[in-house]
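Me: I would like to learn how to read a few features of a model, taking each general idea before its particular case. Could we go through them together?

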Amino acid sequence: MCDAILIYEAFNIEQVFVVKYDVVGINGLDYDMVLAVDHLPSHDEKISVRLMGNLPGGPVGNFACAASRLGLRVAVAAGLGQDVHADAIIGELADYGVDTH
């Protein structure tokens, strides 16, 4: 177990506190667009794609969700934008019990 210092709101020093977690992930959050193609394009070839879905993920996000499902107390500290993709990432982590506050 580690003492994690989480800093919120773009590292606003006034909101620093210590919390106990088993695992703390740093950065490594992504929002993936899964696309399907009929074939891999050759050099300079333009092809059509089909959107299969949008998925929150990234190495830290995936690991944090898996660790939380195993019963560990997990937090993630990462810089995200303020848009629908960031909201989706935070929502997915929260659904798995990962602390993002």
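**Reading charged pairs, a helix and a core**

Reply: R73 counts as partly exposed, its relative accessibility being 39%, where partly exposed lies between buried (under 20% relative accessible area) and exposed (over 50%), computed with a 1.4 Å probe on protein chains only. This is a predicted model, in which local features need pLDDT of at least 70 and side-chain atom pairs count only at pLDDT 80 or more, whereas totals for chains, interfaces and linings use all residues. Residues are numbered from 1 along each chain as its sequence is written, and side-chain values use heavy atoms, with hydrogens and water left out.

Me: With which residue does R73 form a salt bridge?

Reply: Side chains of opposite charge can pair when their charged atoms come close. Here R73 forms a salt bridge (a side-chain nitrogen of Lys or Arg within 4 Å of a carboxyl oxygen of Asp or Glu) with D22, the closest N and O atoms being 3.3 Å apart. R73 lies in the loop between helix 1 and strand 6, and D22 in the loop between strand 2 and strand 3, so the pair ties together parts that are 51 residues apart in sequence; helices (H or I, at least four residues) and strands (E, at least two) are DSSP runs numbered from the N terminus. D22 is itself partly exposed, at 29% relative accessible area.

Me: Which residues of helix 2 are buried, and how are they arranged around its axis?

Reply: An α-helix has 3.6 residues a turn, so residues three or four places apart point the same way. In helix 2 the buried residues are A86, I89 and L93. Seen down the axis of helix 2, they fall within an arc of 60° (taken from the directions from the helix axis to the C-beta atoms), so they line one face. The face turned away from that buried side carries the exposed residues V84, D87 and D95.

Me: Which residues make up the largest nonpolar core?

Reply: In soluble globular proteins, nonpolar side chains tend to be buried together. A nonpolar core is a set of buried Ala, Val, Leu, Ile, Met, Phe, Trp, Tyr and Cys residues joined through side-chain atoms within 4.5 Å, and the largest one here has 11 residues, among them L29, I89 and L93. Helix 1, strand 6 and helix 2 each give two or more residues to this core, with the largest share, 4 residues, coming from helix 1.
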